[in-house]
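I opened this model to look up its charged pairs, its helix packing and its aromatic rings. My entries follow in the order in which I looked.

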Amino acid sequence: MTVAEMIKQTRTESHMTQEEYGAKFGVTRQTVSSWENERSMPDLQMLIDICNTYYISLDKLLNEDTEFVEKIDFYSKKKE
């Protein structure tokens, strides 16, 4: 499961709109839409908050979404 799929799944299983989901995590509806459509990704702390809220293993999620992990590695190396 990708990060985008996990976000959409947790939102829809909670019967929440993108606006409600965004409000829960302090972001806009547009941000949630961008996450679900892989136009952007939540930062690591937000991802931890979402995983903790929905009892999802961050380790398992990141092991399944190698593309997301590669993006994190790329941006870390770019900052150095």
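**Notebook: charged pairs, helices, rings**

I began with K60, which is exposed at a relative accessible area of 51%; here buried means under 20% relative accessible area, exposed over 50% and partly exposed in between, with a 1.4 Å probe and protein chains only. Before going on I noted that this is a predicted model, in which local features need pLDDT of at least 70 and side-chain atom pairs count only at pLDDT 80 or more, while totals for chains, interfaces and linings use all residues. I also noted that residues are numbered from 1 along each chain as its sequence is written, and that side-chain values use heavy atoms, with hydrogens and water left out.

**Salt bridges**

How many salt bridges does the structure hold? I found two, taking a salt bridge as a side-chain nitrogen of Lys or Arg within 4 Å of a carboxyl oxygen of Asp or Glu.

K60 pairs with E64 in one of them, with the closest N and O atoms 2.7 Å apart. Both residues belong to helix α5 (residues 58-64), where they are four residues apart and thus separated by about one helical turn. Helices, for these notes, are DSSP runs of H or I with at least four residues, numbered from the N terminus, and strands are runs of E with at least two. E64 counts as partly exposed, at 38% relative accessibility.

I then turned to R11 and E36, whose side chains meet in a salt bridge at 2.5 Å, N to O. R11 lies in helix α1 (residues 3-13) and E36 in helix α3 (residues 29-36), so this pair ties together parts that are 25 residues apart in sequence. Are R11 and E36 buried or exposed? R11 is buried, with a relative accessible area of 10%, and E36 is buried as well, at 12%.

**Packing against α3**

I looked next at how α1 and α3 pack, and I read an angle of about 125° with the axes 7 Å apart. The axes are lines fitted to C-alpha atoms, for helices over the stretch in contact, and the angles run from 0 to 180 degrees between N-to-C directions. The angle makes α1 oblique to α3, since angles under 35 degrees count as roughly parallel, over 145 as roughly antiparallel, 65 to 115 as roughly perpendicular and the rest as oblique. From α1 the contact uses A4, I7, K8 and R11, and from α3 it uses V32, W35 and E36, contact meaning heavy atoms within 4.5 Å. By class I have four nonpolar, no polar and three charged residues in the contact of α1 with α3; Ala, Val, Leu, Ile, Met, Phe, Trp, Tyr, Cys and Pro count as nonpolar, Asp, Glu, Lys and Arg as charged, and the others, Gly among them, as polar.

For α2 (residues 18-25) and α3, the axes come within 7 Å and cross at roughly 105°, which makes α2 roughly perpendicular to α3. I listed Q18, E19, Y21 and G22 of α2 against R29, V32, S33 and E36 of α3. The residues of this contact divide into two nonpolar, three polar and three charged.

Also in helix α3 is S34, which counts as buried at 17% relative accessibility. Leaving aside neighbours within four places in sequence, S34 is in contact with R39 and S40.

**Aromatic rings**

I counted three aromatic pairs, using the rule that rings of Phe, Tyr and Trp (its six-membered ring) pair if their centres lie within 6.5 Å, with planes under 30 degrees apart called stacked, over 60 edge-to-face and the rest tilted. Y21 lies in helix α2 and Y54 in the loop between α4 (44-53) and α5, so the pair ties together parts that are 33 residues apart in sequence. Y21 is buried at 0%, and Y54 is buried at 19%. F25 and Y54 form a tilted pair, 6.4 Å centre to centre with 50° between the planes. F25 counts as buried, at 12% relative accessibility.

**Positive phi**

H15, in the loop between α1 and α2, has a positive phi near 55° without being a glycine, and H15 counts as exposed at 72%. Y55, in the loop between α4 and α5, has a positive phi of about 55° although it is not a glycine, and Y55 is exposed at 77%.
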